[in-house]
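Please look over the sequence and the structure below.

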Amino acid sequence: MPYTFTVVTEAPSDAAALFDLSLDIDAHVESMSGSAERAIAGVTTGRIGLGETVTWRARHFGIWFTMTSKITALEPPTRFVDEQVKGPFRSFVHEHVFERTADGSRMTDTITVASPVFGRLAERVVLVPYLRRLIAERNRVLVRSLS
């Protein structure tokens, strides 16, 4: 069974600017420097769009992984969805939602993941906390770059 979790990030910046930056491959690479993530196929630089794919190569848990994601929904400037089409997960869907707030914007990431390796308990205890920290750090870098 897939496991779903949410990461909410408040930002003092404009929601539309945060939306655009979140689709930028170069910004993503910068935000994932801790895992040496890089784009190796598909859209490898600049902004990715609806129906386009990117193949990522990154090191997590000391192991190199390759994952191809596709933008399956794009509703500027409020929402987009990327989904794994090939990679290490049984399924991986990441919905990004952006909204204006009185102080700037709120970015809500909802991730639904199922692993072929981890059981339900290991997903909850190891994988989900790891992914939650990874997304939170990515968001901190994106918000900082707009400040």
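Which residue in S7 is the bridge partner of Phe98? The bridge partner is Met107. This is a predicted model, in which local features need pLDDT of at least 70 and side-chain atom pairs count only at pLDDT 80 or more, while totals for chains, interfaces and linings use all residues. Residues are numbered from 1 along each chain as its sequence is written, and side-chain values use heavy atoms, leaving out hydrogens and water.

**Strands** (DSSP runs of E, at least two residues, numbered from the N terminus)

- S6 and S7 are antiparallel and pair over eleven bridges (pairing requires at least two DSSP bridges).
- Two residues link S6 to S7 in a hairpin.
- S5 (residues 79-86) also pairs with S6 (residues 91-101) in the antiparallel sense, over five bridges.
- Glu83 has Val93 in S6 as its bridge partner.
- Four residues separate S5 and S6 in their hairpin, and Gly87 in the turn has a positive phi of about 160°.

**Ser105**

- Ser105 belongs to strand S7 (residues 104-114).
- Ser105 counts as buried because its relative accessible area is 1% (buried means under 20%, exposed over 50%, partly exposed in between, with a 1.4 Å probe and protein chains only).
- The side chain of Ser105 reaches the backbone oxygen of Ser13 at 2.9 Å.

**Ile63**

- Ile63 is in strand S4 (residues 63-75).
- Ile63 is partly exposed, because its relative accessibility is 47%.

Terms used
A polar contact is a pair of N or O atoms within 3.5 Å; within protein, one must be able to donate a hydrogen and the other to accept it, and residues adjacent in sequence count only if both atoms are side-chain atoms.
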